[in-house]
Amino acid sequence: QVQLVESGGGLVQPGGSLRLSCAASGTFFSIEAMGWYRQAPGKQRELVARTDRGASTDYADSVKGRFTISRDNTKNTVYLQMNSLKPEDTAVYYCNAFVRIGVVSGYGDYWGQGTQVTVSS
């Protein structure tokens with residue numbers, strides 16, 4: 001079983017910054033990829049950013065140049081630095097991990113509980 005614990009959400013003014021963290025724990029062979037998704041009220045969940053074991057990254061067009069995803073493999077933790085925040089960034093942010101459970105056990109897709117980010121003056 002894999003657990004993802006997020007932290008760092010909150011209320012910030014437009015133009016401000018927040019840093020989200022997500023730590024993975026449990027029993028698994030490796031974490032293949034980690035990322036952040038978000039869901040605003042009345043909208044579908046969407047990818048914000050993700051990174052794989054080779055440190056390649058992928059960003060939604062709406063956050064390019066403002067958000068930076070990074071990963072500490074020694075701590076099984078992924079971070080999302082969010083700068084120049086806009087009201088349209090308001091959403092619940094979810095951490096995701098694609099995990100190799102074991103050498104022969106296959107893979108699993110796991111989600112955190114979500115953390116609220118509100119950008120408002």
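## The overall build

The protein chain has eleven strands and zero helices; strands here are DSSP runs of E with at least two residues, helices are runs of H or I with at least four, and both are numbered from the N terminus. What you're looking at is a predicted model, where local features need pLDDT of at least 70, side-chain atom pairs count only at pLDDT 80 or more, and totals for chains, interfaces and linings use all residues. Residues are numbered from 1 along each chain as its sequence is written, and side-chain values use heavy atoms, with hydrogens and water left out.

## Inside, outside and charge

Of the 121 residues in the protein chain, 41% are buried. Buried means under 20% relative accessible area, exposed means over 50%, and partly exposed is in between, using a 1.4 Å probe and protein chains only. The accessible surface comes to about 6400 Å², and 47% of that belongs to carbon and sulfur atoms; the areas come from the Shrake-Rupley method with a 1.4 Å probe.

Now for contacts, meaning heavy atoms within 4.5 Å. Among those between residues at least 6 apart in sequence, 55% join residues at least 24 apart. As for charge, there are 12 positive and 10 negative side chains, and the centres of the two sets lie 2 Å apart. Lys and Arg count as positive, Asp and Glu as negative, while His and the chain ends are not counted. Each charge is placed at NZ of Lys, CZ of Arg, CG of Asp or CD of Glu.

## Arg66, a buried arginine

Have a look at Arg66, in the loop between strand S6 (57–59) and strand S7 (67–72). Arg66 is buried, at a relative accessible area of 10%. Its side chain makes a polar contact with the side chain of Asp89 at 2.8 Å, and it also reaches the backbone oxygen of Ser62 at 2.8 Å. A polar contact is a pair of N or O atoms within 3.5 Å; within protein, one must be able to donate a hydrogen and the other to accept it, and residues adjacent in sequence count only if both atoms are side-chain atoms.

Setting aside neighbours within four places in sequence, Arg66 is in contact with several residues, including Gln81, Met82, Leu85 and Asp89.

Thr51 sits in strand S5 (residues 46–52) and counts as buried at 6% relative accessibility. A polar atom of its side chain lies 3.1 Å from the backbone oxygen of Ser56. Not counting residues up to four places away in sequence, Thr51 touches Ala33, Met34, Ser56, Thr57, Ile69, Arg71 and Val78.

Ser25, in strand S3 (residues 18–26), is partly exposed at 35%.

## Two positive phi angles

Most residues other than glycine have a negative phi. Ala55, in the loop between S5 and S6, has a positive phi of about 70°, and this alanine is exposed at 57%.

Asn76 has a positive phi too, near 50°. Asn76 is in the loop between S7 and strand S8 (77–82) and is partly exposed, with a relative accessible area of 25%.
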